[in-house]
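Here is a friendly walk through some helix packing, ring pairs and backbone details. Please keep the viewer open as you read.

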Amino acid sequence: MTIKMAKHKVLVYGATGYTGKLICLRLKELNINFAIAGRDKAKVAELSSQLNVPNFVFATSDFGGWQEALSGCACLINAAGPFALTAENAMHACLQNKIHYLDISAEIPTYQLAAALDQQAKEAGIMIISGAGLFVAYDALVVHTAKRVKCAQQLFVAFSHYGGFSQGSIKSAKYIEELGLLIRENGELQQITDANPKAFDFGEGPQECFPTSLGGTILSYKSTAIPNIREYFQVQLSALTTNPTDIKNLPEGPTAEERAAGRNKLAVEVIGSSGDSAYSIADLPSGYTLTPLSVVAVTCRIVNGDFKAGYQTSGSAYGENIISDIPNSRIIDC
Ligand SMILES: NC(=O)c1ccc[n+]([C@@H]2O[C@H](COP(=O)([O-])OP(=O)(O)OC[C@H]3O[C@@H](n4cnc5c(N)ncnc54)[C@H](OP(=O)(O)O)[C@@H]3O)[C@@H](O)[C@H]2O)c1
C-alpha cells in the first residue's frame, strides 16, 4: 500500500543549514505540512529522511526547480544565507509562482530588494517579507512604543543578543558591515562615518551599546514612518567578522543548552513631536531559538490566509500583536 503524504503547504529552502533545521523542527512541532529544498543532494536527502518530509534539490537559479517545488504551496521560507546570494532568485520565483515569500535575512540590501518588488508583489497578490526572524519582535516592539507618544519623531533601538553566532550569521555579517553605518534622518537614509555609543537599560542597568545598522532604518520605517532612526548593538560588529578562513573551524551554531541558557533583549526609545518619550523593552528567547519561532509565527498567519499583498514587514502586516504569537516573549513598558 502506498502512503500518500499530504501536499506540502510550506517550502523551506536552505533547510539543511543550522537555522533551517531549527525552522523545520518548529514546523514539525506544529504539524504544518512542509517540504525541504536546497542545492546539496546528499544533505537534503539525509534531512528529508530524518524528518520524513518531501525534498527538492535545485540551485536558486533553476526556475524549473522552483516551479516544481513551490507548486501548491502557500509560502516559501528562504533560510539560505548569505541572502545576497539567494534572495533575488527566490523572490522572483515566488512572484512567478504567486507564492508568499519570507526570509530570515539580517542583510539590509535584501530588505531594499523586497521594497523594490512592492508593485510586482501586489500584482501577483503575494506578500514579501524579508527579515522575518529577529525583526518580527523588533518591529512589534517599535510599533508598540511608537504608539505611546504623540507623533513619533525619533527612534532609538538597541539589541542585546544571547547565544553566540552560527557560521552562517558570521558569513552574512560581512554583508552588513560593508554597508557602513546607516541612519534615517528626516526621512532620508544616510550613511555616516561616526556616531557615539549610547547606554540602554535592558532591565539590568545601563549597558553601553555601539551604533550598528540592523535594518530598522528600512523595516521599521516602513511600519511606522518614524523619520529619524538610529540603531545600536551590544557588541561591535567588527568583533564578529572573523577571518573567513577561520569560520569552518567554529561550531555550526550554539548547542540547545547554550540557546536555553539566556535571553535576547531589545530596548526601544521613541520621542514624540512635543518632546514626550516612551521606553519599552522586549524580553525574548535567545537568538537561534527566537528566529524559528518568529518566522513560523508569520508562516502560520499566511497559511491561515492572513496576509497583506505587497512588500511588508511583520509590523506593517500584523502590527504589534504578532509578538503574542511568539512563545515566551513579552513587551515591558518602562
Ligand atoms: N535575523 C535573524 O533572525 C537570523 C537568525 C539566524 C540566521 N539568520 C541568517 O540566516 C542565514 C542562515 O544562517 P545559518 O546559521 O542557517 O547558516 P548555515 O548553517 O551556514 O546555513 C546556510 C544554508 O544556506 C544554504 N546556502 C548558502 N548559500 C547558498 C546558495 N548560494 N545557494 C543555495 N543555498 C545556499 C546552505 O546550503 P549548503 O549547505 O549547500 O551550502 C545552507 O543550507 C544567515 O544569513 C544568517 O545571518 C538570521
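## Aromatic rings

Tyr 13, Phe 58 and Trp 66 are linked into a cluster by ring pairs. Rings of Phe, Tyr and Trp (for Trp, its six-membered ring) pair if their centres lie within 6.5 Å; planes under 30 degrees apart count as stacked, over 60 as edge-to-face and the rest as tilted. By this rule the count comes to 8 aromatic pairs. In one of them, the ring centres of Phe 58 and Trp 66 are 4.9 Å apart and the planes stand at 70 degrees, so this pair is edge-to-face. Phe 58 and Trp 66 are both buried, where buried means under 20% relative accessible area, exposed means over 50%, and partly exposed is in between (1.4 Å probe, protein chains only).

Another pair joins Phe 135 and Tyr 138: their ring centres are 4.2 Å apart and their planes make 45 degrees, so the pair is tilted. Both residues belong to helix H7 (residues 134-146), where Phe 135 and Tyr 138 are 3 residues apart, about one turn of the helix. Phe 135 has a relative accessible area of 4% and is buried; Tyr 138, at 1% relative accessibility, also counts as buried.

## About the model

What you are viewing is a predicted model, in which local features need pLDDT of at least 70 and side-chain atom pairs count only at pLDDT 80 or more, while totals for chains, interfaces and linings use all residues. Residues are numbered from 1 along each chain as its sequence is written, and side-chain values use heavy atoms, with hydrogens and water left out. Helices (H or I, at least four residues) and strands (E, at least two) are DSSP runs, numbered from the N terminus.

## Helix H4 and its partners

Let's turn to helix packing. Axes here are lines fitted to C-alpha atoms, for helices over the stretch in contact, and angles run from 0 to 180 degrees between N-to-C directions. Angles under 35 degrees count as roughly parallel, over 145 as roughly antiparallel, 65 to 115 as roughly perpendicular and the rest as oblique. Helix H4 (residues 87-97) packs with helix H5 (residues 108-116) at an angle of about 25 degrees, and their axes are 10 Å apart. H4 and H5 are therefore roughly parallel to each other. Ala 87, Glu 88 and Met 91 of H4 make the contact with Thr 110, Leu 113 and Ala 114 of H5, contact meaning heavy atoms within 4.5 Å. These residues divide into 4 nonpolar, 1 polar and 1 charged; Ala, Val, Leu, Ile, Met, Phe, Trp, Tyr, Cys and Pro count as nonpolar, Asp, Glu, Lys and Arg as charged, and the others, Gly among them, as polar.

H4 also meets helix H3 (residues 63-70): the axes come within 10 Å and cross at roughly 55 degrees. That angle makes H3 oblique to H4. H3 passes H4 in a right-handed crossing. On the H3 side the contact is made by Phe 63, Trp 66, Gln 67 and Leu 70, and on the H4 side by Asn 89, Ala 90, His 92, Ala 93, Cys 94, Gln 96 and Asn 97. By class, this contact has 6 nonpolar, 5 polar and no charged residues.

## Contacts across the sequence

Which residues does Cys 300 contact, leaving aside neighbours within four places in sequence? They are Leu 30 and Ile 32. Cys 300 lies in helix H12 (residues 287-303) and, at 23% relative accessibility, counts as partly exposed. From Cys 300 to Ile 32 there are 268 residues in sequence and 8.4 Å in space, C-alpha to C-alpha.

Asp 118 is in helix H6 (residues 118-124) and counts as buried at 19% relative accessibility. Not counting residues up to four places away in sequence, Asp 118 touches Gly 310 and Tyr 311.

## Backbone details in loops

Gly 81 and Pro 82 are joined by a cis peptide bond, with omega about 5 degrees. Pro 82 lies in the loop between strand S4 (75-78) and H4.

Asn 31 has phi near 60 degrees, a positive value in a residue other than glycine. Asn 31 sits in the loop between helix H1 (18-29) and strand S2 (34-38) and is exposed, with a relative accessible area of 71%. Phi of Asn 52 is likewise near 60 degrees, again positive in a residue other than glycine. The loop between helix H2 (41-51) and strand S3 (55-57) holds Asn 52, which is exposed at a relative accessible area of 54%.

How values were computed
A crossing is left-handed if the near helix is turned anticlockwise from the far one by less than a right angle, and right-handed if clockwise.
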